[in-house]
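Please examine the structure shown below.

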Amino acid sequence: MDVGIVLTVARGQPAKWTAATGHFSPLPTLKVRRVSSPPSLTERRAAPTALEALLVCTALVALAEMGDKTQLLAFVLAARLKKPWPIVAGIFVATLANHFLAGTVGAWLATLVAPGTLKWIVAGAFIVFGLWALVPDKFEEEARSYSGRSVFFTTLVAFFFVEMGDKTQLATVALAARFDSLVAVVAGTTLGMMIANAPAVWLGERLAQRVNMKVMRWIAAGLFLVMGLLTLML
């Protein structure tokens, strides 16, 4: 009967001495697979997807825009210029540019502030926006002459500057800091603005008469407050 002695030779390689052959023969080594530990409760909380960010941003901004000064501007432009397609196109380009700028600022701020601190800042911002949404906006129309200008350019410039510092623009900053998807945030906030403003251009004052702006403001305020609480909890 062949007798073998198992030894460990240089470099930790296991081998067996076989008396019949008079030399060591290597033994097959076992491969050890690393088994990862189960994720913790915090890790199991999936980060919001781009689709979730898109839907949340669309809903929040669409409701917050109802009765906002930029929507009032859309009413004025529609009444004075009476060319809905160039007005809607100007609103879209102005909003896209404005909110891309705001979203970029929000994403940049998120890289500068510690996550724990950022959570409180963003949550506080949402709560402030919720209270702000309850305050009706007023838009004072200036006596201007639009002759000699293109309707598209007039709308683009007016809408871009009126949106500066508005709650929907500042909300875009906070949303970009909250969600790790700049494209989804900008797309959602822009879509929300178009949902609120395109009908304002086409329907004019009929939209204001058919929609209860006070109810819309309360719903928007509630959503902002919920977002603030969820930001603190998650």
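This is a predicted model: local features need pLDDT of at least 70, side-chain atom pairs count only at pLDDT 80 or more; totals for chains, interfaces and linings use all residues.

Residues are numbered from 1 along each chain as its sequence is written, and side-chain values use heavy atoms, with hydrogens and water left out.

**The second largest pocket**

- A pocket is defined on a 1 Å grid over the protein atoms alone, as an open set of points where a 1.4 Å probe fits, with protein on both sides within 12 Å along at least five of seven lines; lining residues have an atom within 4 Å of a point.
- The second largest pocket has a volume of about 160 Å³, a volume being the space filled by probe spheres set on the points, which are joined across faces, edges and corners.
- Among the residues that line this pocket are L109, I121, F129, L170 and A177.
- Helix α5 gives the most to the lining, with five residues; helices are DSSP runs (H or I, at least four residues), numbered from the N terminus.

**Nonpolar cores**

- A nonpolar core is a set of buried Ala, Val, Leu, Ile, Met, Phe, Trp, Tyr and Cys residues joined through side-chain atoms within 4.5 Å; buried means under 20% relative accessible area (1.4 Å probe, protein chains only).
- The largest nonpolar core has 23 residues, and F126, F129 and F224 are among those with the most contacts inside it.
- The elements that give two or more residues to this core are α2, α5, α7, α8 and α10.
- Apart from this core lies another, of 19 residues, including L73 and M193.

**The salt bridge**

- The structure holds one salt bridge, defined as a side-chain nitrogen of Lys or Arg within 4 Å of a carboxyl oxygen of Asp or Glu.
- The side chains of K167 and D68 form this bridge, at 2.7 Å from N to O.
- K167 lies in helix α7 and D68 in the loop between α2 and α3, so the pair ties together parts 99 residues apart in sequence.
- Both K167 and D68 are buried.

**Arginine R217**

- R217 is placed in helix α10.
- R217 counts as buried because its relative accessibility is 16%.

Technical notes
Buried means under 20% relative accessible area, exposed over 50%, partly exposed in between (1.4 Å probe, protein chains only).
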